[in-house]
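Dear colleague,

Please find below the structure that I am handing over to you, together with its sequence. My notes on it follow.

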Amino acid sequence: IARDFILFGKPDVTVVVVDATRLERNLNLALQVLEITDRVVVCLNLMDEAKRRGLDVDHRRLARDLGVPVVPTSARYDEGLDELLQAIAEVASGAFVGKPLRVGGRPTALNRVVNELAGKIEAAFPALPNTQWVALRLLDGDERIREAVLSGELMHLQKELSSPRDDQASKDRDHRLVAPADGEAVSVVDDAGAEILELASELRWKVGPDFHQVLMEGIFTEAARLADRAVTRSDEQPRFDLDRTIDRLVTSRTLGIPLMLALLTLVFWLTIAGANAPSKMLATLLIDNVYVWLRDGAVSLGIPWWISGLFIDGMYLGTAWVVAVML
């Protein structure tokens, strides 16, 4: 029911609450939701309990890996809830556009089959953001998705997803969809849907009986990898992480401001003095060498002065100066 609503109900944002003390197990749900929609906020709850158990969860790394906001909270102490509401508002309003992680790691033969079916679905429903997920569900024999393809419900869904949301539409939460009223439109949808379902039936024999098991293994493997990257135990030697090291340095109370000033000084130096060296090299190449070669070549070929003046002395020389000075 929740999955069908996320797909067909077009929620403004979906909040996935995960347990920070059992991140690997909970990420399975988050990854499956991310296959359906990119309007997701992950609420990393029970951070207080994770800290008590000696678990350090790097929510910023997890957010980078998942491609959506991850907000650490301790709901029982009202910690992080304001930040969670802000993240929800940004995703719902479109101020933040997620780039969600899609689970890979499928065997080559399965990927080939999924891509073939997804291409057929994309041709019929080009505005759908999750054609690969729909293809996986059809290969898995999902009756609800089969019905949506055949009835034209996906056609209505892609039209509403591709059109901008307005306030009135957001207030009107009656998302029950109906088939197109026009007979010709119904016929087109029926034909495209029937072709998609026929292809799905043919391809299902190629994926083998362990199709569902392979899919779930991929999700569990990816969840374990993400959790291993994000979680460090107190008794473990901290792993070197370049992103985390940079974060720690530039947000340090003692080093943050000096580093900022050093970077600004570097930028000013490059702008005023440092850029003179490459600028001089470009000027020597483009003006002292290439321009002279082009001008002499035009003279030797007998090109009229007004043509060489327009293209060589005008267009080329002007562009060369701009490149040498500004690039």
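**Second largest pocket**

By class, 11 nonpolar, 4 polar and 6 charged residues make up the lining of the second largest pocket (Ala, Val, Leu, Ile, Met, Phe, Trp, Tyr, Cys and Pro count as nonpolar, Asp, Glu, Lys and Arg as charged, and the others, Gly among them, as polar). Please note that this is a predicted model, in which local features need pLDDT of at least 70 and side-chain atom pairs count only at pLDDT 80 or more, while totals for chains, interfaces and linings use all residues. Residues are numbered from 1 along each chain as its sequence is written, and side-chain values use heavy atoms, with hydrogens and water left out.

The space in this second largest pocket comes to about 380 Å³. Its lining holds 21 residues, of which Q32, E35, W133, R137 and I219 are the closest to the centre. Two or more lining residues each come from α1 (2-8), α2 (23-36), α7 (131-139) and α12 (211-230). A pocket here is an open set of points on a 1 Å grid over the protein atoms alone, where a 1.4 Å probe fits, with protein on both sides within 12 Å along at least five of seven lines; lining residues have an atom within 4 Å of a point. The volume is the space filled by probe spheres set on the points, which are joined across faces, edges and corners. Helices (H or I, at least four residues) and strands (E, at least two) are DSSP runs, numbered from the N terminus.

**Helix α4 and D65**

In helix α4 (residues 59-66), R61, L62, A63, D65 and L66 are buried (under 20% relative accessible area, 1.4 Å probe, protein chains only). These buried residues pack against α2, β2 (40-45), β4 (70-72), α12 and α13 (242-250). At the start of α4, a side-chain oxygen of D58 comes to within 3.2 Å of the backbone nitrogen of R60. After α4 comes G67, with a positive phi near 80°.

D65 counts as buried because its relative accessibility is 17%. Beyond its neighbours within four places in sequence, D65 is in contact (heavy atoms within 4.5 Å) with L101, L226 and R229. The side chains of D65 and R229 are joined by a polar contact of 2.9 Å (a pair of N or O atoms within 3.5 Å, one able to donate a hydrogen and the other to accept it; residues adjacent in sequence count only if both atoms are side-chain atoms).

**Strand β2**

Because 6 of the 6 residues of β2 are buried, this strand is largely enclosed by the rest of the structure. V40, V42 and L44 point one way from β2, and V41, C43 and N45 point the other way. Strand β1 (residues 14-19) pairs with β2 in the parallel sense over 6 bridges (pairing requires at least two bridges found by DSSP). V16 stands opposite V42 in β2.

With kind regards

Key
Buried < 20%, exposed > 50% of the residue type's maximum accessible area, 1.4 Å probe, protein only.
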